[in-house]
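Hi! Here is the structure I promised to pass on to you.

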Amino acid sequence: MSTILRQHAETLFAQELDELKKQDSDQKPVNWVMSPRAVVTYLVGGKLKNGFEVSPKYIGNRRLMEIAVATLTTDRALLLYGLPGTAKSWVSEHLAAAISGNSTLIVQGTAGTGEDAIRYGWNYARLLSEGPTEKALVETPIMRAMKDGKIARIEELTRIGSDVQDALITILSEKSLPVPELNTEVQAVRGFNIIATANNRDKGVNELSSALKRRFNTVILPVPDSMDEEIDIVKRRVESFEKVMQLPAEPPALAEIRRVVTIFRELRNGVTLDGKTKVKMPTGTLSTAEAISVMNNGLSMAAYFGDGTLNAHDLAAGIIGAVVKDPVQDKIVWQEYLETVLKTRDDWRDIYRACRDLGV
């Protein structure tokens, strides 16, 4: 068994990708390893003609995935936009894996990301000894994607400074990357495109210029529509985590997942599921990704500090940690929800007591 903590999508789902390629008879864009229809099937799951089951990577509106894939067949780049924890990076990775067979050509956006992370850099030892030469040039993931006709990924685009963001304009509009020091340029090979992600909690941090916005087609990834949809997402991701980490714990009961998702949805929406009681909303997003994290942490607690069976005491600290981000405002929100909602549910007494006993 692999000792890698988190394998890339193209490795982890290699069997599914291989099977899809074998069964794929539709036309493929240049340098794509699969047709657009097969890419969407890989993302949303389905049964192939030979009976092989493809697991869903994105549980939600299929049309959103079709729009995203169609965008990448054009000269427009793709921007996946939405709240934190709505699977933007997850979808970006799987799109690149299915289209290019390589999800690793990635630039992580931060406030410190410079233009050399987008365009190219230099090996300064060689630059000083040889001057500007091709051997002294350090290629970025975007430059390599342009040369090979693959998908490049940019995470958290709006965290990158506006002046650095604009280095993308020539790349996206002209499909070329000038290298004036060598009096040359890199021209993108067909198949090249960029998938960027951004979350709307960062709105106003480094807004995209209108020129750059025009180069992107934006697909907004929403939070899961229904309770069952969100539970299914959490269940699948937790099962994957448990398998990779080889935890000596029993798989979590669906009832425990349902309770965590219920708490998160009620606090996120400001009302209980039955619509009868309004509740205050905390400052955090309480996303599906955070629900997954709470379940994973609970499994670890059960495995190493419990009897191997997940219970309310294993989950309590994780739930409180996800809800109470602001020690003043969120603490009030949480205590009110605890006393007015959880306490009133007879079959939730165990989770009420476990949370109350932590004294937050």
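**P132 and its neighbours**

Leaving aside residues up to four places away in sequence, P132 touches W122, L127, E181 and L182. Keep in mind as you read that this is a predicted model. You can find P132 in the loop between α7 (124-130) and β6 (137-139). Is P132 buried or exposed, or something in between? Its relative accessibility is 43%, so P132 counts as partly exposed.

**The whole chain**

Now zoom out. The chain has 17 helices and 11 strands. Its C-alpha trace spans about 75 × 50 × 40 Å along the principal axes. There are 360 residues in the chain, and 49% of them count as buried. Contacts are worth a look too: among those in the chain with a separation of 6 or more, 71% are between residues 24 or more positions apart.

**A helix on the inside**

Next, go to helix α3, which covers residues 36-44. Seven of its nine residues are buried, so α3 is largely enclosed by the rest of the structure. Which ones are buried? They are A38, V39, V40, T41, Y42, L43 and V44. The cover over these buried residues includes α1 (9-12), α2, β1 (46-47), β2, α4 and α5 (88-100).

S287 sits in the loop between α13 (254-269) and α14 (288-305). With a relative accessibility of 5%, S287 counts as buried, because the cut-off for buried is under 20%. Setting aside residues up to four places away in sequence, S287 touches P84, G85, F264 and R268.

D326 is in the loop between α15 (312-323) and α16 (329-340). Here the relative accessibility is 27%, so D326 counts as partly exposed. The side chain of D326 reaches the backbone nitrogen of V328 at 2.8 Å. Again without residues up to four places away in sequence, D326 touches T283 and K331. There is also P282, which is 44 residues from D326 along the chain, with 8.3 Å between the two C-alpha atoms.

**Salt bridges**

A bit of background first: side chains of opposite charge can pair when their charged atoms come close. How many salt bridges are there? The count comes to 24.

Start with E16 and K57, which form a salt bridge whose closest N and O atoms are 2.6 Å apart. E16 lies in helix α2 (residues 14-23), while K57 is in the loop between β2 (53-54) and α4 (62-71), so this pair ties together parts that are 41 residues apart in sequence. Both E16 and K57 are buried.

Here are some others to look up:

- R153 and E155 meet through their side chains in a salt bridge, at 3.6 Å from N to O. Both R153 and E155 are buried.
- D357 and R356 also meet in a salt bridge, at 3.7 Å from N to O. D357 counts as exposed, with 51% relative accessibility, whereas R356 is partly exposed, with a relative accessible area of 41%.
- R62, R63 and E66 are linked in a network of salt bridges.

**A pocket**

Last stop: empty space. Rolling a probe the size of a water molecule over the atoms shows where empty space is left. The second largest pocket holds about 250 Å³ of space. Which residues lie nearest its centre? They are T73, T74, R190, G191 and F192, out of 14 residues that line the second largest pocket. Sorted by class, its lining has seven nonpolar, four polar and three charged residues.

Technical notes:
Residues numbered from 1 in each chain as written. Predicted model: local features only at pLDDT ≥ 70, side-chain atom pairs only at ≥ 80, totals over all residues. Heavy atoms only, no water. Helix = DSSP H or I, 4+ residues; strand = E, 2+ residues; numbered from the N terminus. Buried < 20%, exposed > 50% of the residue type's maximum accessible area, 1.4 Å probe, protein only. Contact = heavy atoms within 4.5 Å. 1 Å grid on protein atoms, 1.4 Å probe; cavity = no way out; pocket = protein on both sides within 12 Å on 5 of 7 lines; lining within 4 Å. Points joined across faces, edges and corners; volume = space filled by probe spheres on them. Nonpolar A, V, L, I, M, F, W, Y, C, P; charged D, E, K, R; others polar. Polar contact = N/O pair within 3.5 Å; in protein donor to acceptor, adjacent residues only side chain to side chain. Salt bridge = Lys/Arg side-chain N within 4 Å of Asp/Glu carboxyl O.
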